[in-house]
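Subject: Two-chain model, handed over

Hi,

Here is the model I promised to send over.

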Amino acid sequence: MSILLNTQTKLLVQGITGAEGSNHAKLCKAFGTNVVAGVTPGRAGQEVDGIPVFNYVADAVAKTGANASIIFVPAAFATDAIYEAVDAGLDLVVCITDGLPTIDMVSVRRYMRGSKTVLIGPNCPGVIAPPEKAKAGIMPSSSFTPGRVGLVSRSGTLLYEAGAQLSAQGLGQSTAVGIGGDPVPGTSFIDILRRFNADPDTDSIVIIGEIGGTGEQEGAEYLKAECKKPFFAFIAGASAPPGRRMGHAGAIISGADVTADAKLKAVERAGGTAIRNPAEIGKVVAAALKT
Amino acid sequence: MKVHEYQAKAILASFGVPVPKGQVANTADEARSIAAAMGGKVVVKAQVHAGGRGKAGGVKLVNTADEAYEVAKRLIGSRLVTHQTGPEGVPVPAVLIEETISVVKELYISILIDGAAKSAVIMASEAGGMDIEEVAANTPEKLLKVWVDPIEGYQPYMGRNLAYGMGMAQELVRPMADLVAGLYKAFIAKDCSLLEINPLVITSDNRILAADCKLTIDDNSGFRQKEGFGLRDKSQEDPLEVEASETGVNNYIKLSGTIGCVVNGAGLAMATLDTISLFGGSAANFLDIGTVNNVERVVSSVRILTRDPDVKCIFFNIFGGMARVDIIAQGLVQAYREFNVQAPLVARLTGNGYDEGRKILMESGLPFIEASDMADGAQKAVAAAAAR
């Protein structure tokens, strides 16, 4: 069973009538996900690719049994969409939207303490579980194949890059998760690593991190203490200039211990393998796992 | 988004945080009249976004309004080079004329978001007026921290305890707590990512004042901070970066190499720079074209690269997810034609929309070097740039 998505997932799409919402609702459905509903206030009764649209999340849940949501709502309204989904009692909420104010996520995180809902994102590509034929995300499905590698990344396109390289080596994925590029994500590396560690269908773990913050170090410490599975990490931004926000709000170097090198060293101290060339992620993992 | 010291202090004042008396002067004449109204003995401070002004001659104590005029004349319109700017420095659009203060003690206080704690944190220290990262490294026990739970909010005891922790006299404890309350209110109301007072001074007449203020607004809060974003001073930013953002290319950072990069996704963009570096080349820029499917944005991205004289080769590394390869290809073809770009193009394209995108490129007749993966692309880009 995948760590977040499985064949029992019933996905609803918040913002389904927008361009990206409708496009990706169709793509998730085409991949095999059970997409049961969409939500856009004011558009109840409409349909997107045969998927019924509702005015609000609780209604969609009551009428379709949806247990997960993917959010394509614009940034100015996305925090509200997250609260609505959490309050409707969903198991999983994936917020694709980029641009949520950081302080909003501080409040969301605090509000969700103790909640059964798992929030992935915001500013993320979502989740894909190839063995379950389930996707709540925007990743190109062709880059991912069924397998037993647990893949987790802050970056979207680097997640695809890693997935494609691993798949090319015959190393498919149990679940690939993009936790997003924001400084306060809904779910951090350590939470995903705990799940991979406990997942009987995941044999090894690949982490794609980047400069800024301490999520990778926190994750590495956890793995050192608790994980017997082999793990690998690539950290983007080794060549980034200090003090600049490299696209992601969370990717700022503001002290010695948040550089790519510092994080890679933390991974090595924890017993993992550091990958220093992003073009060799697949090769390095394959070589290590085959010995 | 950074704001100037005088703007930050105006914000602080509106939240009841005491700041030195002062007024901004946009010309040397204004500086003279403001200084005259303040009795002539003032401090003239260059208003630039970069730190390190003092050592660069950007902060001067003067005794008369005429001296204020002379200093302002020298500073306004000049370029100030500090250890935080490049050698080209930054322009000085204005100066802040402030009362002189008799400082007894310098403290430090700031508020920012602590990613590890997932909460706002108020940091304070008796070691004010110095590099706080050095204090954190060498004397961490001198750095006090209070994390503010968003549900609980700021409580007065938090400021009181910081005052006690910094050894402040009893009669200053309540004013300090009020000051911290005002700082936190400002931090939340203005969607700050950083609010730093260094130094926070105690004067000889027992006032606490925010002698300097650095305030950065969360770039993601633009949709609800119209007033704050109206304070943006583009003269303080790299001109190419400003040009880029004015054409919708918001994640462009000028670097100093020769390979112009266009990548979708910040992580992949950083990794592209890393890979180029591993192959012995250097990137001319970081550019995350983002996940919006917009032909114009692609055209603008190529345009900004043509404005950079250092660019000898352009490397498109696109992994289509939300951003589709065919949209990218359309923009690429349009841009190369429109700007008659001479720099060779290396294209590594894959993911959503690849088949249609590749067809568009092939049918356009645009010469390009095709790359099979990121390493291949980086290697070819390094070679192409070196050949020119």
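First, some housekeeping. This is a predicted model, so local features need pLDDT of at least 70 and side-chain atom pairs count only at pLDDT 80 or more, while totals for chains, interfaces and linings use all residues. Residues are numbered from 1 along each chain as its sequence is written, with chains lettered from A and ligands numbered from 1 in the order in which they are written.

**Domains**

Chain A splits into domain 1 (1-123) and domain 2 (139-291); the bounds come from an automatic or database domain assignment. The C-alpha centres of these two domains of chain A are 25 Å apart. Their contact involves 16 residues of domain 1 of chain A and 18 residues of domain 2 of chain A, where contact means that C-beta atoms, placed from the backbone, lie within 7 Å. On the domain 1 side, α4 (102-111) and β7 of chain A each give two or more residues, and α4(A) has the largest share with 4 residues. (Helices are DSSP runs of H or I with at least four residues, strands are runs of E with at least two, and both are numbered from the N terminus.) That side of domain 1 of chain A has 11 nonpolar, 4 polar and 1 charged residues. For the classes, Ala, Val, Leu, Ile, Met, Phe, Trp, Tyr, Cys and Pro count as nonpolar, Asp, Glu, Lys and Arg as charged, and the others, Gly among them, as polar.

Chain B is assigned domain 1 (21-99), domain 2 (103-229) and domain 3 (238-386). Domains 2 and 3 of chain B have C-alpha centres 42 Å apart.

**Sheets in chain A**

One open sheet of chain A has 7 strands in the order β3-β4-β2-β1-β5-β6-β7, and its pairing is mixed. Strands count as paired if DSSP finds at least two bridges between them. At the edges are β3 (47-48) and β7 (118-120) of chain A, each of which pairs on one side only. Inside the sheet, β2 (residues 34-39) and β4 (residues 51-54) of chain A run parallel and share 2 bridges; Val39(A) sits opposite Phe54(A) there. Helix α2 (residues 57-64) of chain A lies across β1 (10-14), β2, β4 and β5 (68-71) of chain A, at about 145 degrees to β2(A). That angle is between N-to-C directions on a 0 to 180 degrees scale, using lines fitted to C-alpha atoms, for helices over the stretch in contact.

Then there's strand β10 (residues 146-153) of chain A. How many of its residues are buried? It is 6 of the 8, so β10(A) is largely enclosed by the rest of the structure. (Buried means 20 or more other C-beta atoms within 10 Å of the residue's own, exposed means 12 or fewer, and partly exposed is in between, with C-beta atoms placed from the backbone.) β10(A) runs parallel to β11 (residues 173-178) of chain A, with 6 bridges, and Leu151(A) faces Ala176(A). The chain gets from β10(A) to β11(A) through helix α5 (residues 156-168) of chain A in a right-handed β-α-β crossover: with the strands pointing away from the viewer, the path from the first strand over the helix to the second runs clockwise. β10(A) also pairs in parallel with β12 (residues 204-210) of chain A over 5 bridges, and Gly150(A) has Ile205(A) as its bridge partner.

**Where the chains meet**

The interface brings 44 residues of chain B into contact with 49 residues of chain A. On the chain B side, β8 (119-125), α9 (266-278), β16 (313-320) and α13 (374-386) each supply at least two residues, and α9(B) gives the most, with 11 residues. By class, this side has 21 nonpolar, 15 polar and 8 charged residues.

Most residues other than glycine have a negative phi, and most peptide bonds are trans. Here are the cases worth a look.

- Gly121(A) to Pro122(A) is cis, with omega near 5 degrees; Pro122(A) is in the loop between β7 and β8 (126-129) of chain A.
- Asn198(B) to Pro199(B) is cis too, with omega near 15 degrees, and Pro199(B) is in strand β10 (residues 192-203) of chain B.
- Lys118(B) has a positive phi, near 55 degrees, and is partly exposed, with 19 other C-beta atoms within 10 Å.
- Asn206(B) has a positive phi near 60 degrees and counts as exposed, with 11 C-beta neighbours inside 10 Å.

Cheers

Notes. Contact = placed C-beta atoms within 7 Å.
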